[in-house]
Amino acid sequence: MSVEEARLLLMVKLFETGKLTVGQAAELAGYSKPTFRELLGKLNVSVIDYPPSELEEEMNF
């Protein structure tokens, strides 16, 4: 595994756990926000994190 790949995976995990925003994680990983979001999608990591109760509330609004 390359250093770049390891850095990307670490930033994905830090974003996924809420430690970093998408912008912070993208910058630290060395990618633009759109590219980082695309990579998140390829890794099956959701960019939008809505708790089910909030999502249901928004849908019924």
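**Helix packing and salt bridges**

Glutamate 38 and lysine 42 are four residues apart in helix α3, and are therefore separated by about one helical turn. Helices are DSSP runs of H or I with at least four residues, and strands are runs of E with at least two, numbered from the N terminus. The model is predicted, so local features need pLDDT of at least 70 and side-chain atom pairs count only at pLDDT 80 or more, while totals for chains, interfaces and linings use all residues. Residues are numbered from 1 along each chain as its sequence is written, and side-chain values use heavy atoms, without hydrogens and water.

**Salt bridges**

- The structure holds two salt bridges, each defined as a side-chain nitrogen of Lys or Arg within 4 Å of a carboxyl oxygen of Asp or Glu.
- Glutamate 38 and lysine 42 form one of them, at 3.4 Å from N to O.
- Glutamate 38 is partly exposed at 49% relative accessibility, whereas lysine 42 is exposed at 59% (buried is under 20% relative accessible area, exposed over 50%, and partly exposed in between, with a 1.4 Å probe and protein chains only).
- Lysine 13 forms a salt bridge with glutamate 16, with the closest N and O atoms 3.4 Å apart.
- Both lysine 13 and glutamate 16 lie in helix α1, three residues apart, or about one turn of the helix.
- Lysine 13 is partly exposed, with a relative accessible area of 47%, and glutamate 16 is partly exposed at 42%.

**Helix α2 against helix α3**

- Helix α2 (residues 22–29) packs against helix α3 (residues 33–42) at an angle of about 95°, with the axes 9 Å apart.
- This angle makes α2 roughly perpendicular to α3 (65 to 115 degrees; under 35 is roughly parallel, over 145 roughly antiparallel, and the rest oblique).
- In this contact (heavy atoms within 4.5 Å), α2 contributes Val22, Gly23, Ala25, Ala26 and Ala29, and α3 contributes Lys33, Phe36, Arg37 and Leu40.
- Val22, Ala25, Ala26 and Ala29 of α2 are buried.
- These four residues cover an arc of only 100° around the axis, which puts them on the same side of α2.
- The buried residues of α2 pack against α1 (3–16) and α3.
- Glutamine 24 also has its place in α2, but is partly exposed, with a relative accessible area of 39%.

**Helix α1 against helix α3**

- Helices α1 and α3 pack at an angle of about 85°, with their axes 11 Å apart.
- That angle makes α1 roughly perpendicular to α3.
- The contact joins Leu8, Met11, Val12 and Phe15 of α1 to Phe36, Leu39 and Leu40 of α3.

Technical notes: Axes fitted to C-alpha atoms, helices over the stretch in contact; angles between N-to-C directions. Arc of directions from axis to C-beta.
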